[in-house]
Amino acid sequence: MRSSYQVRAYNIKHNCDIKEFLEAYRLLLQRAIDEVWARIKWIEEHDKRRRLIPIIPKDGAFKHHELRYMLLNEWHYSKHYVDSAIKQAYSIIKSWRRSYIKGERSRRKPTVRRKFVRIKGTLYSYRDGIIKVSIRPHEEYLKFDISKAWFLSRAKGEMGELVLNEKYLTITFREKVKETKAKGKIAWDFNERSLDGFNPKLGWIRIDLAKLYHIHRAYELKRRRLQMMASKKHSLKRVLIKYSRCERNRAKDLIHKLTTEISRKFNSYEHGLEALKKEAMFTRSKEHNRNIAKSDWKMIQTFMVYKAKVQILNPKNSTKRCSKCGMMNAPKGALYRCEHCGLRIDRQLNAAINLYLQMEGLSPSPKLFSELMKGWSGFTLTGEEADEGFDELMRSIRLVNTKGYVCLPKTT
Ligand SMILES: [Zn+2]
């Protein structure tokens with residue numbers, strides 16, 4: 001059985017005055033980036049359009065000797081910070097390169113603004129509840145007493161990397177976890193207003209995203225009000241930036257809680273998430289809202305990958321294909337109707353079933369569909385209340401109530 005690591009991080013506030021040191025490290029890191037950047041070779045590529053592809057200098061002579069000595073020359077603190085800065089500079093430039101190649105970033109050198117230092121597990125000591133970090137060899141140490149920290153009784157595994165900034169010390173713990181076999185798979189369809197999951201045993205799981213939607217809505221109104229009142233363009237811009245930061249933080253907070261809840265509730269299931277939603281799914285089609293929905297979905301994915309086993313799925317045709325007969329229809333509104341086999345089903349449930357089939361590597365067929373629905377009774381596939389003369393089959397959907405996040409459709 002494969003094993004993997006789970007990393008948990010805890011923060012403690014500290015009172016050490018390390019402003020000068022952090023600023024020196026920031027400059028060191030920037031210098032490392034500058035030097036690597038200056039040695040990038042740009043190669044012309046004629047793919048679809050002409051553009052320059054960066055080749056990052058990799059040879060060890062430069063990385064471990066030339067660059068290292070150059071940086072050590074002006075560095076008066078412990079030497080190992082130079083090695084960390086080189087490593088970090090390379091990872092910053094590599095991540096810039098990935099985004100540049102995708103067309104998401106311009107050809108501009110990355111700059112370091114945030115002040116923090118990563119300290120590898122081998123570069124500090126931990127004894128009798130005290131973490132000791134060397135700043136200057138043999139003369140200056142930072143000591144952090146964590147003997148009374150609340151998380152010591154909880155934290156499992158070995159202490160790993162530290163991250164130090166002006167106010168906090170972040171301590172990470174790495175724990176080896178055995179990977180257990182997944183109980184089953186749940187495929188999720190994401191929309192502005194809800195997250196809809198499907199698994200044949202659990203049924204249709206609808207998670208209400210109204211709270212998330214309202215956060216964005218509230219800020220949209222705030223912004224509009226401000227734009228009408230503002231007289232000075234300059235200050236307006238600053239306030240708008242502050243607003244979008246607040247909006248993002250509130251959304252992030254909620255998504256954190258939501259994904260924790262999902263991963264706990266469906267612990268040991270594998271979760272299928274679509275790569276990215278097609279544009280047409282978002283009802284308010286303004287550019288801004290579309291970007292918000294995209295960034296929410298990206299955030300849900302990122303957090304889920306941390307917290308659970310995730311499979312990324314191809315979104316192609318998941319909303320158009322009939323999950324029963326496999327034919328394509330153009331869905332309008334919340335109800336999906338198939339012109340070929342007559343299926344009436346909630347549009348998002350249909351998409352979730354399609355995604356589930358993709359996870360299992362199956363193609364839709366009426367026989368398979370009835371097998372998946374076997375054992376359900378009392379609910380309709382559209383989430384509507386069934387009345388007499390309604391030709392839709394009655395199915396049971398075992399909906400799961402994860403605190404405030406799940407909304408149950410009406411029972412019949
Ligand atoms: Zn059909």
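1. **Terms and overall make-up.** Helices and strands here are DSSP runs, numbered from the N terminus. The model is a predicted one. The protein has eight helices and 18 strands. Of its 412 residues, 25% are buried. Take the contacts between residues at least 6 apart in sequence: 63% of them join residues at least 24 apart.

2. **How α1 meets α3.** Two packed helices are described by the angle between their axes and the distance between the axes. Start with helix α1, residues 19-38, and helix α3, residues 80-101. Their axes come within 9 Å and cross at roughly 55°. That angle makes α1 oblique to α3. The crossing of this pair is right-handed.

3. **What lines the α1 and α3 contact.** From α1 come Y25, L28, L29, A32, I33, V36 and W37. From α3 come Y81, V82, A85, I86, Q88, A89, Y90, I92 and I93. By class, this contact has 15 nonpolar residues, one polar and no charged ones.

4. **How α2 meets α3.** Helix α2 covers residues 60-73. Its axis lies 10 Å from that of α3, and the two pack at an angle of about 120°. That makes α2 oblique to α3. Here, too, the crossing is right-handed. On the α2 side, the contact involves K63, L67, R68, L71 and L72. On the α3 side, V82, A85 and I86 take part. The residues divide into six nonpolar, no polar and two charged.

5. **A closer look at W37.** This tryptophan is in helix α1. Is W37 buried or partly exposed? W37 counts as partly exposed because it has 17 C-beta neighbours inside 10 Å, and a buried residue needs 20 or more. Which residues does W37 contact, leaving aside neighbours within four places in sequence? They are I93 and K109. W37 and K109 are 72 residues apart in sequence, yet their C-alpha atoms are 7.0 Å apart in space.

6. **The largest nonpolar core.** This core has 37 residues. Those with the most contacts inside it are A187, W188, F198, A352 and Y356. Several elements each supply at least two residues of the core. Among the strands are β10 (184-190), β11 (194-199), β12 (203-208) and β13 (269-274). Among the helices are α4 (210-229), α5 (233-265), α6 (287-307) and α7 (347-360). The largest share, seven residues, comes from α7. Not counting residues up to four places away in sequence, Y356 touches K185, A187, F198, N199 and G272.

7. **Two positive phi values.** Most residues other than glycine have a negative phi. Two residues deserve a look here. D128 is not a glycine, yet its phi is positive, near 45°. D128 is in the loop between β5 (124-127) and β6 (130-136). With 6 C-beta neighbours inside 10 Å, D128 counts as exposed. N317 is not a glycine either, and its phi is positive at about 65°. N317 lies in the loop between β14 (309-313) and β15 (335-337). With 13 C-beta neighbours inside 10 Å, N317 counts as partly exposed.

Technical notes: Residues numbered from 1 in each chain as written. Predicted model: local features only at pLDDT ≥ 70, side-chain atom pairs only at ≥ 80, totals over all residues. Helix = DSSP H or I, 4+ residues; strand = E, 2+ residues; numbered from the N terminus. Buried ≥ 20, exposed ≤ 12 C-beta atoms within 10 Å, placed from the backbone. Contact = placed C-beta atoms within 7 Å. Axes fitted to C-alpha atoms, helices over the stretch in contact; angles between N-to-C directions. Parallel < 35°, antiparallel > 145°, perpendicular 65-115°, else oblique. Left-handed = near helix turned anticlockwise from the far one by under 90°. Nonpolar A, V, L, I, M, F, W, Y, C, P; charged D, E, K, R; others polar. Core = buried A, V, L, I, M, F, W, Y, C linked by C-beta atoms within 7 Å.
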